[in-house]
Amino acid sequence: MTKPSPLIPPTRDDVVCRVCLAADAKTKLISPCLCDGKRKYAHLQCLLESHTNPSSPTQVSLKKGLPKPLKGQFVPPPAPEPKVALSNAQWEQLSCKCSTCNAEYVGDAPVALLKMKLEALKERKRGGAVVHTTAELADLLQKQGNYVEAVSHYKAALSLNETSDSQSGIELADLNHKLACCYKKMGHRHFAVAESHFRRALQLRLKDLGPGHADVATCKHHLAMLLHTVHRADEALELAETALEIRQAKLGPDHNASKLTHELVTRLKKEIRMKSM
């Protein structure tokens, strides 16, 4: 953790880390949430430690307040108490949210926090929590557009889930579906792999949820979109029509999901009709 240096006065461009209270260049700190003012910036490492050490300086300073200095006298922030290790339950419940503004962290902070959480859970052999955190990290990386690393973590989560004693077909289906979506976003060279994972997800959802479930319709819709992209309109139309029936029955014809599938069906029918002319 960065230590404050009272001997070096901050420059006009410096800001203060909300954890260690050290003044530093703005480029060396992050603004991870919606907090403003004195709590806007933090060193990444300081932020991570504030979540994993209940005795971190930021919590001491917020709860007890800083000592009031005498006139002209510098009083440093209170020294942190000895580091207390988190319990297994605390590691599992560790979230990527700011405790002050309650906003989800953005940028590098949530990725670094989840990676640290994942390593701690692996060391403690927390099987189910490791699978969940691996998938959570993959979701975040995909959301941030880091598809290559997201694929790696989805694969790891799939492998862990498939060998788990508490294997869940629904979880396997969800992971396959998300992995397929990720491959699809990576471009045409990955479409074949994406199709195989969409079909695996569909197979698992049909088995566990039944043919009329909304999640089955979602899987069919996404697979139809992929097949449409690779010019397999006939196969795509069959899937899209089934997805539309399910969505209209479960969600109603005015739901956005139903409208999207209806548009896809209309587009596919038009293309097939024009191709046959």
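Analyst: Helices are DSSP runs of H or I with at least four residues, strands are runs of E with at least two, and both are numbered from the N terminus. This is a predicted model, in which local features need pLDDT of at least 70 and side-chain atom pairs count only at pLDDT 80 or more, while totals for chains, interfaces and linings use all residues. Residues are numbered from 1 along each chain as its sequence is written, and side-chain values use heavy atoms, with hydrogens and water left out.

User: How many helices and strands does the secondary structure of the protein chain come to?

Analyst: The protein chain has 11 helices and 2 strands. Along the sequence the order is β-β-α-α-α-α-α-α-α-α-α-α-α.

User: What percentage of the residues of the protein chain count as buried?

Analyst: A residue is buried under 20% relative accessible area, exposed over 50%, and partly exposed in between (1.4 Å probe, protein chains only). By that rule 40% of the 277 residues are buried. The accessible surface of the chain (Shrake-Rupley method, 1.4 Å probe; for residues, only the protein chains shown count as cover) is about 16,200 Å², and carbon and sulfur atoms account for 54% of that surface.

User: Which residues have the most contacts inside the largest nonpolar core?

Analyst: In soluble globular proteins, nonpolar side chains tend to be buried together. A nonpolar core is a set of buried Ala, Val, Leu, Ile, Met, Phe, Trp, Tyr and Cys residues joined through side-chain atoms within 4.5 Å. Here the largest one has 71 residues, and Cys 17, Tyr 105, Tyr 154 and Leu 268 have the most contacts inside it.

User: What does Cys 17 touch, not counting residues up to four places away in sequence?

Analyst: Contact means heavy atoms within 4.5 Å. With those sequence neighbours left out, Cys 17 touches Ala 22, Leu 29, Tyr 41, Ala 42, His 43 and Cys 46. Over the protein chain, among contacts between residues at least 6 apart in sequence, 52% join residues at least 24 apart.

User: Is Leu 264 buried or exposed?

Analyst: Leu 264 is buried, because its relative accessibility is 2%. Leu 264 sits in helix α11 (residues 256-276). Beyond four places in sequence, Leu 264 touches His 221, Ala 224, Met 225, His 228 and Ala 240. His 228 is 36 residues from Leu 264 along the chain, yet their C-alpha atoms are separated by 9.1 Å.

User: How many disulfides does the structure hold?

Analyst: A disulfide is a covalent bond between the sulfur atoms of two cysteines. The cut-off used is a pair of cysteine sulfur atoms within 2.5 Å, and the structure holds 0 disulfides. Cys 35 is in no disulfide, with the nearest cysteine sulfur, in Cys 98, 3.6 Å away.

User: How many salt bridges does a search of the whole structure find?

Analyst: Side chains of opposite charge can pair when their charged atoms come close. A salt bridge is a side-chain nitrogen of Lys or Arg within 4 Å of a carboxyl oxygen of Asp or Glu. The search finds 10 of them. One is between Lys 115 and Glu 149, whose closest N and O atoms are 2.8 Å apart. This pair links distant parts of the chain, since Lys 115 is in helix α4 (residues 108-123) and Glu 149 in helix α6 (residues 147-162), 34 residues apart. Lys 115 is partly exposed at 33% relative accessibility, and Glu 149 is partly exposed at 24%.

User: Which residues are linked in a network of salt bridges?

Analyst: Glu 195, Arg 199, Arg 232 and Glu 235 form such a network. In it, Glu 195 pairs with Arg 232, with the closest N and O atoms 2.9 Å apart. Glu 195 lies in helix α8 (residues 191-209) and Arg 232 in the loop between α9 (214-229) and α10 (233-251), so the pair ties together parts 37 residues apart in sequence. The side chains of Glu 235 and Arg 199 also meet, at 3.8 Å from N to O. Glu 195 is buried at 15% relative accessible area, while Arg 232 is partly exposed at 28%.

User: Where is Asp 24 found?

Analyst: Asp 24 is in strand β2 (residues 23-25). Lys and Arg count as positive and Asp and Glu as negative, with His and the chain ends not counted. Asp 24 is buried yet has no salt bridge, and the nearest side chain of opposite charge, Lys 28, is 4.1 Å away. Leaving aside neighbours within four places in sequence, Asp 24 is in contact with Asp 14, Val 15, Leu 29 and His 43.
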